[in-house]
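Subject: Structure for you to look at

Dear colleague,

I am passing on the structure we spoke of, and below it you will find my notes on what was found. Please read them with the structure open beside you.

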Amino acid sequence: MNRLYARLLAAYGPQGWWPAESPFEVMVGAILTQNTTWVQVIRAIDRLRDEALLAPTALLDLSVDALAERIRPAGYPNVKARRLQALCQWLVRSGGLPALAECATDTLRADLLAVHGVGPETADSILLYALARPVFVIDAYTRRILSRCGHIGGREPYETLRREVESNLRTADPVADYNELHALIVQHGKIACRPRPRCEACILRTDCAAAREDQRHG
DNA sequence: TGCCAGGGATTAG
DNA sequence: CTAATCCATGGC
């Protein structure tokens with residue numbers, strides 16, 4: 001796992017994630033980016049920022065329809081509007097970000113997973129990138145890359161993969177390195193490790209199963 | 001033009 | 001526990 005990290009870092013450089021201006025903006029982005037490209041999330045967030053709506057109470061004061069209209073570029077507007085408000089309600093009821101800083105990571109994780117619209121990846125993205133907790137984020141790219149490079153089978157449950165990475169990556173600073181590795185995996189996934197792999201652009205093709213398959217078929 | 005994106009809830013088996 | 005289906009927009 002450290003070798004993968006080193007190669008990705010050498011190839012792409014530090015990614016500087018999460019691309020947001022505040023912890024709350026990270027949380028909003030974590031919901032909006034579900035099954036959607038980041039450029040569309042930016043449009044939705046910019047719209048919220050332009051209207052000074054990037055605060056929990058501001059989003060809660062909007063009707064679902066009004067919020068949906070503003071986040072429409074990010075897709076699933078009706079679904080995500082409800083999810084954003086559910087997250088804001090949890091945030092307000094919890095006492096806000098300062099109160100969350102006092103909570104244990106396991107408690108926060110369970111709380112987040114109980115919020116409507118927050119699944120394992122969204123919860124872990126919030127824990128790592130908004131709350132600076134040492135939790136590795138598993139996403140579709142992580143599964144694909146680790147699978148093609150022979151680290152995993154690919155169908156393992158989310159928790160299995162998360163612990164697999166967390167226990168196999170040696171680090172003195174888990175928050176910083178989990179942050180960087182996940183960001184690098186997404187970057188590599190966008191460039192080369194796609195459903196239809198672009199092996200000519202893949203820096204990992206020497207140990208990638210998809211690249212070997214690609215070579216046999218010319 | 002069809003495939004895909006930094007998922008998750010719901011339902012059925 | 002796994003597998004389908006739905007949610008919607010925009011880039012390529």
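**The largest pocket**

The largest pocket has a volume of about 760 Å³, and please keep in mind throughout that this is a predicted model. Of the 30 residues that line this pocket, Thr-33, Thr-36, Glu-121, Asp-139 and Tyr-141 are the closest to its centre. Two or more lining residues come from each of the elements α3 (38-50), α9, α10 (140-148) and α12, and the largest share, six residues, is given by α12. Sorted by class, the lining holds 13 nonpolar, 12 polar and five charged residues. Both domains take part in the lining, since domain 1 (2-14 + 137-216) and domain 2 (23-130) each supply at least three residues to it.

**Around α10**

In the loop between α9 and α10 you will find Ile-138, which is buried, with a relative accessible area of 2%. The C-alpha atom of Ile-138 is separated by 8.8 Å from that of Glu-159, a residue 21 positions away along the chain. After α10 comes Gly-150, which has a positive phi, near 85°.

**Salt bridges**

The count of salt bridges comes to 13, and three of them are described here one by one.

One of these bridges joins the side chains of Asp-207 and Arg-3, with an N to O distance of 3.0 Å. Because Asp-207 lies in the loop between α12 (174-191) and α13 (209-216), while Arg-3 belongs to helix α1 (residues 2-12), the pair ties together parts that are 204 residues apart in sequence. Asp-207 is partly exposed, with a relative accessible area of 23%, whereas Arg-3 is exposed, at 52%.

A second bridge is formed by Arg-109 and Asp-124, whose closest N and O atoms are 2.7 Å apart. Arg-109 lies in helix α8 (residues 105-113) and Asp-124 in helix α9 (residues 120-130), so this pair ties together parts that are 15 residues apart in sequence. Here both partners, Arg-109 and Asp-124, are buried.

The remaining bridge described here links Arg-162 with Glu-166, and the closest N and O atoms of this pair are 3.1 Å apart. Both residues belong to helix α11 (residues 158-168), where they stand four residues apart, about one turn of the helix. An α-helix has 3.6 residues a turn, so residues three or four places apart point the same way. Arg-162 and Glu-166 are both buried. Through salt bridges that share partners, Arg-109, Asp-124, Glu-159, Arg-162, Arg-163 and Glu-166 are joined into one network, and Glu-159 is also the residue whose C-alpha atom is 8.8 Å from that of Ile-138.

**Aromatic residues**

Finally, the structure holds five aromatic pairs, and one aromatic cluster is formed by Trp-17, Trp-18, Trp-38 and Tyr-129.

With best wishes

Conventions: Residues numbered from 1 in each chain as written. Chains lettered and ligands numbered in written order. Predicted model: local features only at pLDDT ≥ 70, side-chain atom pairs only at ≥ 80, totals over all residues. Heavy atoms only, no water. Phe/Tyr/Trp six-rings, centres within 6.5 Å; stacked < 30°, edge-to-face > 60°. Salt bridge = Lys/Arg side-chain N within 4 Å of Asp/Glu carboxyl O. Buried < 20%, exposed > 50% of the residue type's maximum accessible area, 1.4 Å probe, protein only. 1 Å grid on protein atoms, 1.4 Å probe; cavity = no way out; pocket = protein on both sides within 12 Å on 5 of 7 lines; lining within 4 Å. Points joined across faces, edges and corners; volume = space filled by probe spheres on them. Nonpolar A, V, L, I, M, F, W, Y, C, P; charged D, E, K, R; others polar. Domains from an automatic or database assignment.
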